[in-house]
Amino acid sequence: QVQLVESGGGLVQAGGSLRLSCVASGRTFSTYHMAWFRQAPGKEREFVAAISQSIKRTEYADSLEGRFTISRDNAKNTVYLQMSGLKPEDTAVYYCAADLIFSDFLLTSRQPDYWGQGTQVTVSS
């Protein structure tokens, strides 16, 4: 089992920045590809960003317009999501996810192996 714990969410004004963190435990972190998803009320959970275990590959949702950056520190068992230029439409619960197969993050027919509990991000206008 892998446990994922997100932190760093909160309230921020439009145009501001936040950095989310996700700490993994229970298994070797570097073995897993990592990703961020988000879900707003009344909406389906959507893909935000992913990073491979080797850090050689990253993927982002087209709608982000280059505002978010995913990174990881395998020595700290932590994946990050740096968010800038935040907009009210970014308001959602943000979830960390882990999977041994990178493409699982990108396919709506697949479910990542592990999920965190989520952290709320609220962007005020």
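**Exercise 1.** Are Cys22 and Cys96 buried or exposed? Then find what links them.

*Solution.* Keep in mind that this is a predicted model.
Step 1. Check accessibility: Cys22 is buried, and Cys96 is buried too.
Step 2. Look for disulfides. The whole structure holds 1.
Step 3. Identify the partners. Cys22 is joined to Cys96, with an S to S distance of 2.2 Å.
Step 4. Cys22 sits in β3 (residues 18–25) and Cys96 in β9 (residues 92–99), so the pair ties together parts 74 residues apart in sequence.
Step 5. Read the angle about the S-S bond. At -85°, the link of Cys22 and Cys96 is left-handed.

**Exercise 2.** Locate Arg67 and describe its surroundings.

*Solution.* Step 1. Find the loop between β6 (58–60) and β7 (68–73); Arg67 lies there.
Step 1. Judge burial. Buried means under 20% relative accessible area. Arg67 has 12% relative accessibility, so Arg67 counts as buried.
Step 2. Widen the view. Beyond its neighbours within four places in sequence, Arg67 touches residues including Gln82, Met83 and Leu86.

**Exercise 3.** How many cavities of 30 Å³ or more does the whole structure have? Describe the lining.

*Solution.* Step 1. The search finds 1.
Step 1. The largest cavity contains about 30 Å³ of space.
Step 2. Its lining includes Val2, Arg27, Phe29 and Ala98.
Step 3. Sort the lining residues: 7 are nonpolar, 1 is polar and 1 is charged.

Methods
Residues are numbered from 1 along each chain as its sequence is written. This is a predicted model: local features need pLDDT of at least 70, side-chain atom pairs count only at pLDDT 80 or more; totals for chains, interfaces and linings use all residues. Side-chain values use heavy atoms; hydrogens and water are left out. On a 1 Å grid over the protein atoms alone, a cavity is a set of points where a 1.4 Å probe fits but cannot get out, and a pocket is an open set with protein on both sides within 12 Å along at least five of seven lines; lining residues have an atom within 4 Å of a point. Grid points are joined across faces, edges and corners, and a volume is the space filled by probe spheres set on the points. Ala, Val, Leu, Ile, Met, Phe, Trp, Tyr, Cys and Pro count as nonpolar, Asp, Glu, Lys and Arg as charged, and the others, Gly among them, as polar. A disulfide is a pair of cysteine sulfur atoms within 2.5 Å. Helices (H or I, at least four residues) and strands (E, at least two) are DSSP runs, numbered from the N terminus. Buried means under 20% relative accessible area, exposed over 50%, partly exposed in between (1.4 Å probe, protein chains only). Contact means heavy atoms within 4.5 Å.
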